[in-house]
Amino acid sequence: MTDQQHRNSRLLASFAEDRDIGARANQEDYALCVPVDAESGPCREVICALADGMGGLAAGEVASRVSVSAFCRVLKNLEVAPGQESFAMVRAAQEADGALHRRLQADAGASGNMGCTLCAVWIKEGKLHFINVGDSLIYFMRDKCLYQLNHRHNHREDMRLRAEREGLNWAEVSQMDSVVKYGSRVTSYLSGRGIDQAHCPNEALMLEPGDTIMLASDGILTLNEMEIAQALLPVPERDARGDVEAVLDSVLSKEAPRQDNVSVVVIRMS
């Protein structure tokens, strides 16, 4: 291990999560943070996951809770060799989808079709691993610059990536009828029937003191990227809980009449 790797492995993660129902009748988001090497407080290894229940399907709140709980439990208990973290996260997502399948069978169809997005990060030895299925978001802030880490699985993003691969003019593709009409339609999610696509890079992101990571359901998109960055900017004496409150306050201050459920997880590195 190099000196830099040793210093990184000593980084501590502080975290918090919260959510708001918005203007919806039900809260279908669910988030969970599980410290691996400590019972509470800052830790060197933590798993955080967030799910957004599919509003067009039944029992979205059940799907999100079942999936997040299963994902975190499976990943925490897996024996993972160095360099195999991405494979472990994919397996945990598959197990979460399996847990949803078993819940559907146990309900004997009473809940109808259930589904949810899933995004998760695993901070281990100063490195960030992540996985995303669906259209929730994973942000990363360093030196006051905000980056979206994950690909979102909706029709618009799928078409944008296709245009990039095939060298097509995105300005033209973005005006196609299917993109205009169905751009926000989710194209991959947990449903108990297998996962169509997942974004889980093999290479981890090396973290540094002062880095901030945020997971959020798409209700946060009431804010634009500049507003999200402004809400996440470091403030002296404000901890991860304060960051979460600042982001949620910014969303709710918009008073959007159709505000979706919004959930936020913030992790701060020190």
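A disulfide is defined here as a pair of cysteine sulfur atoms within 2.5 Å. By this criterion the structure holds 0 disulfides. C116 is in no disulfide, and the nearest cysteine sulfur, that of C119, is 10 Å away. The model is predicted; local features need pLDDT of at least 70 and side-chain atom pairs count only at pLDDT 80 or more, while totals for chains, interfaces and linings use all residues. Residues are numbered from 1 along each chain as its sequence is written, and side-chain values use heavy atoms, with hydrogens and water left out.

C145, at 38%, is partly exposed.

Helices (H or I, at least four residues) and strands (E, at least two) are DSSP runs, numbered from the N terminus. Helix α2 comprises the 18 residues 60-77. The expected span of a helix is 1.5 Å times one less than its number of residues; for α2 this gives 26 Å, which agrees with the 26 Å between its end C-alpha atoms. Among the buried residues of α2 are G60, V62, F71, C72 and L75. Contact denotes heavy atoms within 4.5 Å. The cover over the buried residues of α2 includes β2 (29-35), β3 (46-52), α3 (85-107), β4 and β5 (127-133).

K124 lies in strand β4 (residues 118-124). Its relative accessible area is 13%, so K124 is buried. Apart from neighbours within four places in sequence, K124 is in contact with R44, E45, V80 and E85.

Notes
Buried means under 20% relative accessible area, exposed over 50%, partly exposed in between (1.4 Å probe, protein chains only).
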